[in-house]
Amino acid sequence: VGAAYECDAFTAVKSAPVAVVFPLSTQEVSAVVRYCVANGVPYTPRGAGTGLSGGATPTSGGVVVSLKRMAQILEVDLPNRRLHAQCGATNAQLTKAVEKHGFHFAPDPSSQKVSTLGGNIAENAGGPHTLKYGVTSSHVLQATVVDPTGEILVLGGKVPGAPGYDLLGLFIGSEGTMGIATEAWVKLTPNPQKVETALAFFNAPRDATQSVADMIAAGVVPPALEYLDATFMRVVSEAFGLVFPDGAKAFLLMEFDGTEASVARELEAAVAVCREHGTLDLRVAQSAAERDKLWFARKNAVGALGRLAPSKVSHDGVIPRSKLPDMLEFVDALAARRGMIIANLSHAGDGNLHPCMPYDDRDPADTERVKEAGAEVLRECVRLGGSLTGEHGIGIEKRDLMRLMYNDLDLAYQAEAWSILGGTGLCNPGKLLPEAGR
Ligand SMILES: Cc1cc2nc3c(=O)[nH]c(=O)nc-3n(C[C@H](O)[C@H](O)[C@H](O)COP(=O)(O)OP(=O)(O)OC[C@H]3O[C@@H](n4cnc5c(N)ncnc54)[C@H](O)[C@@H]3O)c2cc1C
């Protein structure tokens with residue numbers, strides 16, 4: 001079957017499926033799962049395949065169940081600020097369906113034009129605006145799920161606060177190992193009255209990251225607070241002809257939203273912090289077009305890395321944000337020691353790092369080097385009191401590092417939790433939990 005399905009956007013591990021199926025309804029998904037279970041065939045749920053930890057890679061072969069043709073908006077319920085969609089719909093599609101009414105679907109991974117509601121639910125995806133609005137779990141009310149045996153369940157409720165144990169909460173972030181989400185009711189968020197976007201350049205990464213820590217400490221919570229380093233600035237500049245101030249080694253992209261007064265107050269406080277840390281240049285967008293311009297480098301940075309190598313691994317370890325300056329220095333030193341390029345961007349306000357390692361996935365030695373360097377970064381994140389992942393999930397990429405965070409008893413409970421929805425061992429096997437835990 002087509003090479004398109006042998007991995008997701010984590011290209012360091014590849015494995016071809018035997019078949020890819022494109023069901024159109026919950027009943028068809030259930031029929032496929034029942035067939036697989038009856039015949040002992042492993043199956044892997046898949047949305048757009050933009051996952052960055054190998055979750056949708058069919059490592060055991062078998063069947064890929066693609067939700068891409070289940071992309072209908074089923075109902076928009078504006079009075080109750082909620083929307084019902086099939087799980088193959090994209091984030092952008094959800095927002096498009098309600099934007100003329102002044103609403104949006106808040107989760108906004110940078111892949112939002114293509115990544116699916118089901119993939120977001122499975123990964124509990126975040127995005128640049130997570131700092132203020134929270135990750136996917138804060139925005140899902142109810143999900144229809146085909147469990148690992150093929151039964152159809154409805155988890156959660158159409159109004160918040162369903163009583164009893166929180167099975168929806170357990171399912172969100174289960175990375176496709178606890179069944180397949182086919183439909184969901186999600187919350188709609190009203191568009192803010194006012195938005196301001198600003199870009200501040202610094203001549204040292206530490207000045208930028210220290211500004212982040214100081215801003216949050218001062219009580220400023222911008223919906224987006226994004227960091228980009230000199231390597232990324234160089235590649236976007238080469239790719240798109242962007243010109244940055246002389247000597248700029250990092251930038252912070254800041255967005256503020258709310259009422260006129262709250263936005264003005266937060267912008268003023270953030271500008272003061274950036275000035276204290278010697279910003280080289282600070283630009284505030286004066287129009288929607290200028291806002292798009294300020295976001296351009298951030299939004300196109302990862303793609304521009306393609307100029308350096310045919311592939312890349314992007315990590316997403318989390319650290320307490322006060323440790324950002326030390327952590328970025330650790331990553332730079334690691335890159336120098338291993339003789340490789342590591343470009344850094346981060347959802348800095350969340351302490352969510354994205355060290356990106358360009359490499360050649362046709363070269364086994366290069367692939368191995370990138371995996372080892374990634375493990376070193378993640379070990380340091382955990383050592384600093386952080387986590388292996390902020391949003392990309394564990395998948396296969398970090399599965400064997402779970403022991404850095406959990407002991408045998410923790411993992412045994414996780415395995416029990418996994419089995420609650422009728423785990424058969426055929427639904428996305430080999431992901432998330434180390435084998436012994438499973
Ligand atoms: C350029 C780029 C930028 C990105 N930016 C962000 C970001 O800002 N924030 C962020 O959180 N992530 C980001 N990601 C990662 C990725 O886009 C998210 O994890 C996204 O939620 C995955 O959605 P998908 O539809 O592509 O899922 P897939 O990659 O197809 O699948 C992801 C996982 O979900 C499971 N799955 C898929 N659909 C279902 C379903 N219907 N039911 C049950 N399980 C399912 C799969 O088995 C797999 O384990 C980015 C990726 C790229 C390539």
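**Ligand shell and salt bridges in a predicted model**

Let me begin at the ligand, where a polar side-chain atom of S111 lies 2.5 Å from one of the ligand's oxygen atoms, a polar contact in the sense of a pair of N or O atoms within 3.5 Å (within protein, one must be able to donate a hydrogen and the other to accept it, and residues adjacent in sequence count only if both atoms are side-chain atoms). The protein covers 93% of the 970 Å² of accessible area that the ligand has on its own, with areas taken from the Shrake-Rupley method and a 1.4 Å probe, and, for residues, only the protein chains shown counting as cover.

Residues are numbered from 1 along each chain as its sequence is written, and side-chain values use heavy atoms, with hydrogens and water left out.

Altogether 33 residues surround the ligand, each having a heavy atom within 4 Å of it. The largest share of this shell, five residues, comes from α3, and β2 (43–46), α3 (117–123) and β9 (180–187) each supply at least two; these elements are DSSP runs numbered from the N terminus, helices being H or I with at least four residues and strands E with at least two.

Turning to charges, the structure holds 20 salt bridges, each a side-chain nitrogen of Lys or Arg within 4 Å of a carboxyl oxygen of Asp or Glu.

Which residue forms a salt bridge with E226? The partner is R298, with the closest N and O atoms 2.6 Å apart, and the pair links strand β12 (residues 224–229) to helix α9 (residues 288–304), 72 residues apart. E226 is buried, at a relative accessible area of 0%, and R298 is buried too, at 5%, where buried means under 20%, exposed over 50%, and partly exposed in between (1.4 Å probe, protein chains only).

By contrast, R34 and E151 meet in a salt bridge at 3.9 Å, N to O, and here R34 is partly exposed at 40%, as is E151 at 41%.

Finally, R337, R338, E372 and E376 are linked in a network of salt bridges.

Definitions and conventions: This is a predicted model: local features need pLDDT of at least 70, side-chain atom pairs count only at pLDDT 80 or more; totals for chains, interfaces and linings use all residues.
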